[in-house]
Amino acid sequence: MAYSNNHLVIMAGGVGSRFWPMSTAEKPKQFIDVLGVGRTLLQLTYDRFKGLCNPENVWVVTSSNYKDLVKEQLSEIPDGNILCEPCRRNTAPCIAYVSWRIKATDRNANIVVSPSDHIVTDVGEFRRVVSQCLKFAGETDAIITLGMKPTRPETGYGYIQADLSSSSPRNKEIFRVDAFKEKPDLETAQKYVKNKSYFWNAGIFIWSVNTIVNAFRIYQPALSKVFENMSSVYGTPNEQEEIDKRFPECENISVDYAILEKAEEIFVCPADFGWSDLGTWGSLLVQTKKDLYGNGVIGDNVLLYDTHNCIVHTLGKKKVVIQGLDNFIVAEKDDKLLICKLSEEQRIKQFSEGNDR
């Protein structure tokens, strides 16, 4: 498999409403230095794939509102590789569009699709796993998902049930998928964690361009027609205009429902590289270096007294002094300040809209 045929697709269209006030519709979390490390989540995503594909084979699918942010943060990739959706239609239309677009330039492409707002702590192991899966995708008709070994009974993730009885003859680390499971309740999640054949669905997919295009043709003929019919405009000045016209016609459906749950040749590669979907302030606290009292602080000018198990995110110049809080989120951005119990963080979206005061 030629390295030059490896392509990376980063999906960066989300609005990150659960991370308000840090993340806003104008500048969602993937464009922010959430971890306080000097790189945004989008840049960290790009960084962890270095050495797996050339910068000119990196594609970002985003909203037309965020094109300039992507250009500014990933100046290494060609402008033409930033594909803009005129509206949100979930992951299946997004992946179909970029798949046909890549096929127009590289008929032998092997593709890895990744969200833009996850984090990985063991980048070396991550690259090893993805590299193996790209090789496997290039040699077979397989659709491969990455399964994370669960460390807790998490109810916020979907799960993949693997058939661990026999691995693929080509790669002993890759197994057939028995079933995809929806986000479970706590009791079900506890059963999954005890059973070694269940993994978190990380939303990272690997396949050859021909495999995924054929899967769309078989399982989503209406969707595949939309992008098939645009073959003559890919890479031309008319591409955006056509996409703006046709994309809104697409069904709003995830690639999991559209393809993964229907396809035959579905595999999972169980992996363990310190993965987290940074979906909530609570998950950020888990990932942050904590003080003796369980507090995670991102920001230089913060003093804590009698405070425990809090996540504080204040990157502004203000001095921040907190006394006597336990299990809270304190987050400040521009003229907005959030102080909220961690146990109530699912209400942040509602708070940010100013409802239910």
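Helix H3 (residues 91–103) and helix H6 (residues 209–219) have axes that come within 10 Å and cross at roughly 130 degrees. That angle makes H3 oblique to H6, and the crossing in which H3 passes H6 is left-handed. Keep in mind while you look around that this is a predicted model.

So who is touching whom here? From H3, the residues involved are Ala92, Ile95, Ala96, Ser99, Trp100, Ile102 and Lys103, and they meet Val209, Asn210, Ile212, Val213, Phe216 and Arg217 of H6. Sorted by class, this contact has 9 nonpolar, 2 polar and 2 charged residues.

H6 also has a contact with helix H7 (residues 221–228). The axes of H6 and H7 come within 6 Å and cross at roughly 125 degrees, and the two helices are therefore oblique to each other. On the H6 side you'll find Phe216, Arg217, Ile218 and Tyr219, and on the H7 side Pro221, Leu223, Ser224 and Glu228. By class, that gives 5 nonpolar, 1 polar and 2 charged residues. Phe216 and Arg217 of H6 turn up in the contact with H3 and again in the contact with H7.

| Helix pair | Axes come within | Crossing angle | Residues in contact, by class |
|---|---|---|---|
| H3 and H6 | 10 Å | roughly 130 degrees | 9 nonpolar, 2 polar, 2 charged |
| H6 and H7 | 6 Å | roughly 125 degrees | 5 nonpolar, 1 polar, 2 charged |

What about cysteine 310, buried or exposed? With 1% relative accessibility, cysteine 310 counts as buried, because the cut-off for that label is under 20%. Cysteine 310 sits in the loop between strand S13 (302–305) and S14. Leaving aside neighbours within four places in sequence, its contacts are Leu285, Gly294, Asn295, Gly296, Leu325, Asp326, Asn327 and Phe328. Lysine 290 is 20 residues away from cysteine 310 along the chain, and their C-alpha atoms are separated by 9.3 Å.

Key
Residues are numbered from 1 along each chain as its sequence is written. This is a predicted model: local features need pLDDT of at least 70, side-chain atom pairs count only at pLDDT 80 or more; totals for chains, interfaces and linings use all residues. Side-chain values use heavy atoms; hydrogens and water are left out. Axes are lines fitted to C-alpha atoms, for helices over the stretch in contact, and angles run from 0 to 180 degrees between N-to-C directions. Helices (H or I, at least four residues) and strands (E, at least two) are DSSP runs, numbered from the N terminus. Angles under 35 degrees count as roughly parallel, over 145 as roughly antiparallel, 65 to 115 as roughly perpendicular and the rest as oblique. A crossing is left-handed if the near helix is turned anticlockwise from the far one by less than a right angle, and right-handed if clockwise. Contact means heavy atoms within 4.5 Å. Ala, Val, Leu, Ile, Met, Phe, Trp, Tyr, Cys and Pro count as nonpolar, Asp, Glu, Lys and Arg as charged, and the others, Gly among them, as polar. Buried means under 20% relative accessible area, exposed over 50%, partly exposed in between (1.4 Å probe, protein chains only).
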